[in-house]
Structure formats: C-alpha cells, structure tokens
Amino acid sequence: MNVVASFSILGDIVRNVGGDRVNVTALVGPDGDVHVYTPAPADAEKVANAKLLIINGLGLEGWLPRLLQASGSKAPIITATKGIALLKLGSDADPHAWQSVANAKIYVANIRDAVVAADPADAEFFRANAKAYLAKLDALEREVREAIAKIPQDRRKVISTHDAFGYFAAAYGVEFIAPEGVSTESEPSARDIAGIITQIKTSKIPAVFLENISDPRLIQRIAAETGAKIGGTLYSDSLTGEKGDAPTYIDMVRHNIKTLTSALAG
Ligand SMILES: [Zn+2]
C-alpha cells in the first residue's frame, strides 16, 4: 500500500506502524523545511498513486491544496494531529505538536486507525506494530522527563531560531524564545532581534541553539552580541538522513534532550 506523508517526521511514524506492508514516501525529506516547501511535479504523481495521504494539519502544509488539485487524488487525507490539545501563539495555531512525545502517541493512534481502515486484512499486524512503538514512546517520554529534571530550574531558558518548541516547553517545562514565529516564512524584524538580545541579557539566558532547517547566521549573530553560548543544533521540523544525528523521530528527541542538557546542566 502506497502511503504519502507530508514530511520526514510523519514518514518515520508511518513506517513504524505500517512496517513492510506500506511503502512510505515523505514529500519534504530530511533537512527540508516543510513551512516553505515548493512541491515538484513528481510530488503530484506520488500523491496520485497514494492510497492514503497523512498530513500534520494546523496550517503546517500551506502548499498542500494546490498539490492535491494538481494530483487529482481522491485518497483519504488523515490529519495526524486530530485530538491534540492545540497551542496558539498569538492568533496563529502552533503546528509543531510532535515536539511533545505525548502528542506523538496521538499521531501514532490516528495513523494506526487510518492504515487499519485502508487495509483491514493487515489490521492485526498494524495494531501490534503500533503497540510496540507506543511502548518505545512511553520509555522515551520518561527519558525526556529525567533529562530535564537534571537541569537547574533557573537555567531552563533557551533561544531557538523559530517557535518550534512550544509543545515541548508546555510538556516539559523549558522556556523557549525565538526571533522567528511559528513559521519560518517570515524574517524577524530588527526590532524582534533587538528584543531577543535584551531578553538574553536581562534574563541571563545561558544558551542559544541552531536548527537544522534554518540559516545559522541569525543565531550566530545573536550569540556574538550577547555572549550566550551556542549550545548546538536542535532538530525541530525535520529528521536528518540516515548518517545524521536524527534519522528517526526517537533519535531526534534523544538528540535534542542530549543537546539541551549538555548546554544547560553545567
Ligand atoms: Zn517549524
């Protein structure tokens, strides 16, 4: 069964549930930026050949309606975030729900139900895979909580490039501040950047972080002007390729907590 997922993180979750009974394609691949993606003609063909299309929703895939129209696809579209508690930043929905592992478990349940409905003959196989993967996510969530607990309370404040960690912040109690909003689409203004620089100095924020999908220069400049150290790279909206630090969702979360704790614990 051909399943198309909109971006790499969803693709990995679908693979864990679908196993070898599904052929998963992620439209926005490793290190790609799903906010500003421009679909290629080949993507319309992938969507046209899919039995199921799995998306994040919450405004993440603004390029999807045109792609769907170009593909002529009639495949069911499954929104993996269905049922999560929505966070907002101002009037914008925050689409980065996967940054809370509890939400990723909701993604798994939605994806499981979708593949079971599309291929009922393999229902037992999909349910068993989902159950095993959910158990891994339970363990991962405990790891995150234990890692954050080791960071002194007054050091749980960081800067990232765009507002991708709102759900992580709400779930685990680390404060994230970002010069860019919930989408990478808009450039921060000089005033936004000046505000962040003041905030780093007054709140004594210990570290700033790069993101794999964003240009590092803005964060490098902020670090240089404030003396905050660059704590490393966080994976926000995209996995890496096989040889990178975060080829799967679980690897991504582990990498992020390791990067945060090593920059903030000391
Ligand atoms: Zn994002």
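Student: How many residue pairs are in polar contact between domain 1 and domain 2, and what makes a pair count?
Tutor: There are 23 such residue pairs, both residues being at pLDDT 80 or more. A polar contact is a pair of N or O atoms within 3.5 Å, where within protein one must be able to donate a hydrogen and the other to accept it, and residues adjacent in sequence count only if both atoms are side-chain atoms. This is a predicted model, in which local features need pLDDT of at least 70 and side-chain atom pairs pLDDT 80 or more, while totals for chains, interfaces and linings use all residues. Residues are numbered from 1 along each chain as its sequence is written, and side-chain values use heavy atoms, with hydrogens and water left out.

Student: Why is the pair of glutamate 143 and arginine 254 called a salt bridge?
Tutor: The term requires a side-chain nitrogen of Lys or Arg within 4 Å of a carboxyl oxygen of Asp or Glu. The closest N and O atoms of glutamate 143 and arginine 254 are 2.9 Å apart, so the pair meets the definition. The count between domain 1 and domain 2 is 1 salt bridge.

Student: What is the area buried between domain 1 and domain 2?
Tutor: It is about 2,800 Å², with carbon and sulfur atoms giving 60%; buried area is the accessible area (1.4 Å probe) that two parts lose on being put together, summed over both. Asp31, Gln99 and Val144 supply 25% of the area that domain 1 buries against domain 2, more than any other three residues.
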